[in-house]
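Subject: Structure handover

Hello,

Here is the structure I said I would pass on. My notes on it follow below.

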Amino acid sequence: MSGSEPIPPANLPLAARAPGKCILFGEHAVVHGRAELLLAIDLPLQVGISPSARSSLNRDSAAPDTNPYFHAALERLWTGGPPVELHVTSRIPRAAGLGSSAAFSAALSAGFSAARGGVDRAGLAERAFSVERGAQGVGSPGDTAAVVAGGYVSVNGPGESELFRLTDGERRWTVRRVKDPSWSWVVAYSGIPRSTASAVRAVGERLSAPDGEALLDRFHALAEAGIRAVVAEDRAEVGRLLDENQGLLAQVGVSHPRLEALLAAARPAVVGGKLTGAGAGGSVVVLPMPGRELEAARRIARAGGLPFVVRTETNGASLVAAPVEETGGDPSAS
Ligand code: PMV
């Protein structure tokens, strides 16, 4: 299903899925309204939602602690609904900066919305952001917008067509479609989990220093240049800009020796790379030289990272088609 179709109505039990994401330029600066470029990646997460026999599950006071995203979704999208239980399967490492919380928020929002009559894409982007933001307390709608829309998207930057306008009541973000260069990327988890919220708060403090605005302007200019270079399919320029963005991220304090080690290990096989997501641990993304994806992945694995060769996932969040029921009728009548 393409990332522009509405989520249709459906009855429980149902399943919904959403892809992971990777931020190429502009993380952290996007929280402060600057430009960002992301792509949805082909690491899927699926949530099954079924009616629960345990009648108190929705109102379990432990739920907010055990899963703040589930709790936020119940509060915002399932008030007065019957108790449900979730079954989640995912290829996205958790707390790694590869979009597990955005994918979970988007898939769960798609599922609850389907059970409540369906929703259009823009509405789903709003709901998924509201769930993630409700659980995290801080952040931009970039991650959830990317996994709702699929493909490449810019936030507050150049692009082809406008997809969504989102706000938290204070800031505004405009999400646009960006042309897909159809490249393979390598993303790799360092094995160091981290909290998005604490990294976002620490960077926010750093950016309140007198040079904060100038730093934000540099992030913004880099993201705009990065978007143009991706659209122009200028691999060498994208590599150079990824490296420069990594330098800025290190300057605001969210790099980590393990991330630097993974980037250094990949270097002979890539045109550039950076941390991706909130940083302070988490993951890196590198752009391999043409045909050298596996070599880049191998080099990173030898240095202790968990690499994935990824491609664009053009399908955004969607319902998973229910299995066709056996009718026992004429087998030729299909
Ligand atoms: O690390 P992640 O996947 O949660 O990505 C965070 C991206 C930030 O720009 C740091 C925060 C945000 O909400 O945009």
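A polar side-chain atom of lysine 21 is 2.7 Å away from an oxygen atom of the ligand, a polar contact being a pair of N or O atoms within 3.5 Å; within protein, one must be able to donate a hydrogen and the other to accept it, and residues adjacent in sequence count only if both atoms are side-chain atoms. Serine 140 also places a polar side-chain atom 2.7 Å from a ligand oxygen atom, and for aspartate 143 the distance from such an atom to an oxygen atom of the ligand is 3.2 Å. Of the ligand's own 380 Å² of accessible area, the protein covers 98% (Shrake-Rupley method, 1.4 Å probe).

Please note that this is a predicted model, where local features need pLDDT of at least 70 and side-chain atom pairs count only at pLDDT 80 or more, while totals for chains, interfaces and linings use all residues. Residues are numbered from 1 along each chain as its sequence is written, and side-chain values use heavy atoms, with hydrogens and water left out.

There are 15 residues around the ligand, and Lys21, His28, Ser140, Thr196 and Ala278 come nearest (a residue is near if one of its heavy atoms lies within 4 Å). This shell holds five nonpolar, six polar and four charged residues (Ala, Val, Leu, Ile, Met, Phe, Trp, Tyr, Cys and Pro count as nonpolar, Asp, Glu, Lys and Arg as charged, the others, Gly among them, as polar).

Elsewhere, the model has three aromatic pairs (rings of Phe, Tyr and Trp, the last by its six-membered ring, with centres within 6.5 Å; planes under 30 degrees apart are stacked, over 60 edge-to-face, the rest tilted). Tryptophan 78 and phenylalanine 112 have ring centres 4.7 Å apart and planes at 15°, so this pair is stacked.

Two backbone details remain. The peptide bond from leucine 12 to proline 13 is cis, with omega near -5°. Asparagine 156 is not a glycine, yet its phi is positive, near 50°.

Regards
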